[in-house]
Amino acid sequence: MNDPGLDEPIQETSKDVEQDRKDELEFQKEDEQAFLNPSRWWFASTAFPLLAGTFGPMASAFSVCALSENWRVIVPHGPGGNEAHGIDVKDPGCSGRILQLLGSISLLKFQLAHG
């Protein structure tokens, strides 16, 4: 159906159109990456430190709460023996709290020194 002598120009034009499509897709991918990179950098440089700054003090607050509760339990043997029916074991008094306080003070000194 093609006119004689036009096969080569049609094939060249077809290759050019296909190459233009590939170039356009590559450009779209690069453009998408250029669009996403600033938001990724914002997330890495702002959101993560904000989350760490939020949950760090919360963890410290939970450790203070943990000091006021008894965490050790003797679980009875036999059927139905679980923590709900266990016997609470008292903490060793103030010595553990004093050690934790001293550890917190040394950490505070370290943070102030390297502030």
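This is a predicted model: local features need pLDDT of at least 70, side-chain atom pairs count only at pLDDT 80 or more; totals for chains, interfaces and linings use all residues.
1. Residues are numbered from 1 along each chain as its sequence is written, and side-chain values use heavy atoms, leaving out hydrogens and water.

2. On the fold: you'll find two helices and two strands, running α-β-β-α along the sequence. These are DSSP runs numbered from the N terminus (helices are H or I, at least four residues; strands are E, at least two).

3. The chain exposes about 10400 Å², with carbon and sulfur atoms supplying 64% of that. Areas come from the Shrake-Rupley method with a 1.4 Å probe, and for residues only the protein chains shown count as cover.

4. Have a look at the nonpolar surface patch formed by Trp42, Phe43, Phe48, Leu51, Phe55, Met58 and Phe62, which together have about 770 Å² of accessible area. Patch residues have over 30% relative accessible area and no salt bridge; nonpolar side chains (Val, Leu, Ile, Met, Phe, Trp, Tyr) are joined within 5 Å, like charges within 9 Å. A salt bridge is a side-chain nitrogen of Lys or Arg within 4 Å of a carboxyl oxygen of Asp or Glu. Phe55 lies in helix 1 (residues 7-67) and is partly exposed, at 48% relative accessible area.

5. Leu67 is also in helix 1, and its relative accessible area of 28% makes it partly exposed. Beyond its neighbours within four places in sequence, Leu67 is in contact (heavy atoms within 4.5 Å) with Asp91, Arg97 and Gln100. The C-alpha atoms of Leu67 and Gln100 are 9.3 Å apart, with the two residues 33 apart along the chain.

How values were computed:
Buried means under 20% relative accessible area, exposed over 50%, partly exposed in between (1.4 Å probe, protein chains only).
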